[in-house]
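User: I am new to this structure. Please walk me through some of the labels used for it.

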Amino acid sequence: MSVDTPVKPPTTAHSHRTSGASGARSRRPFKGFWVKIAVTLLLVVEVYPLVWMFLTSLKSNDDYLNNSTWSPPHTWEWGNYTEAWTTGNIGLYVKNSLLAVAPSLALILLLGTAAGFALQVMVWKGRNLTLLIFLAGIMVPPQMILLPLFTVYFQTGLSGTLWPLILTYTGTGLPLTVFMMATYYKTVPRELFEAATLDGAGILRAFWTISVPMVRNAILTVGLVQFFFIWNDLLIALTFTNNQDLRTVQVGLLNFTGDFGATQYGPLFAAICINVFGTLLIYLFLNQKVMKGLTGGALKG
């Protein structure tokens, strides 16, 4: 007498793959949901302070002092921006910042790009040691050099001008710029310079017509990074601007006063908005080129 037993169907690799794929698909929407939540929270954290700052810039002084900090303005005081630009002298501070930033940035990019080219493309004895010296300059805190520089600028008669800011910004910005440009020059094929040399191009022509166009995104990226460093500087500008007519934006905001020396919070936040949103627009406009420049130096080690 025999008993029939049910035959268990064989388990195949295809069935395992099918079940695994269905499980991955079921988990994927759940994972995407938490990613969206995290991105939304980060967006709120970044955007809400900007919205609050803009709404506060439209409040009157009584509205700011007597009502809740988080409440919207009861009356929209658009004149705060006019008062910040004229009475608060924010227009003068912006002009001083531009006069200090523009030549400093030009010198940093010109000298830093040329030094990066010389250290990475040209072959000469001692270039590795020179690069290490530039790297050592990154480790020097700016606070250590302020007092000696102040003495030098005073003895040479440069105090009372914007030259101390220009020279100090250039000197402190060069080490990082040289290091970054030397890194970006590693991505430029050496065959281009060899071909240019065979065609009779000199070193200056190879630098201007071949290397500079090849690293233009890197130059833009380094320039934008240095621009934010210089524009947002407070320590150096506060040390060397001993005249109210020479104050930069950050120093001006630190000592921002309205009529009769009283702090007017509406115009103060309006001045902050002019500073913040102006630099934010520059970054948003150049965002894609900055991303290309940041990834360009990582293509070739």
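User: Which residues of helix α3 (residues 79–86) are buried?

Analyst: N80, Y81 and A84 are buried in α3. Buried means under 20% relative accessible area, exposed means over 50%, and partly exposed lies in between (1.4 Å probe, protein chains only). A helix here is a DSSP run of H or I with at least four residues, a strand is a run of E with at least two, and both are numbered from the N terminus. This is a predicted model: local features need pLDDT of at least 70, side-chain atom pairs count only at pLDDT 80 or more, and totals for chains, interfaces and linings use all residues. Residues are numbered from 1 along each chain as its sequence is written, and side-chain values use heavy atoms, without hydrogens and water.

User: Why are the buried residues of α3 said to line one face of the helix?

Analyst: Seen down the axis of α3, they fall within an arc of 100 degrees, so they line one face. The arc is taken from the directions from the helix axis to the C-beta atoms.

User: What makes α3 roughly perpendicular to α13?

Analyst: α3 and helix α13 (residues 265–285) pack at an angle of about 80 degrees, their axes 8 Å apart. Roughly perpendicular covers 65 to 115 degrees; under 35 is roughly parallel, over 145 roughly antiparallel, and the rest oblique. Therefore α3 counts as roughly perpendicular to α13.

User: Which residues make that contact?

Analyst: From α3 come N80, Y81, E83, A84 and W85. From α13 come G266, P267, A270, A271, C273 and I274. Contact means heavy atoms within 4.5 Å. The residues divide into eight nonpolar, two polar and one charged.

User: Why is T279 called buried?

Analyst: T279 has 12% relative accessibility, so T279 counts as buried. T279 lies in helix α13. Neighbours within four places in sequence aside, T279 is in contact with F227, F228 and W231.

User: Why is N89 called partly exposed?

Analyst: N89 has a relative accessible area of 27%, so the label is partly exposed. N89 sits in the loop between α3 and α4 (90–120).

User: What is phi of N89 near?

Analyst: Phi of N89 is near 60 degrees, a positive value in a residue other than glycine. Most residues other than glycine have a negative phi.

User: How many helices and strands does the protein chain have?

Analyst: The protein chain has 14 helices and zero strands. Of its 301 residues, 34% are buried.

Definitions and conventions. Axes fitted to C-alpha atoms, helices over the stretch in contact; angles between N-to-C directions. Nonpolar A, V, L, I, M, F, W, Y, C, P; charged D, E, K, R; others polar.
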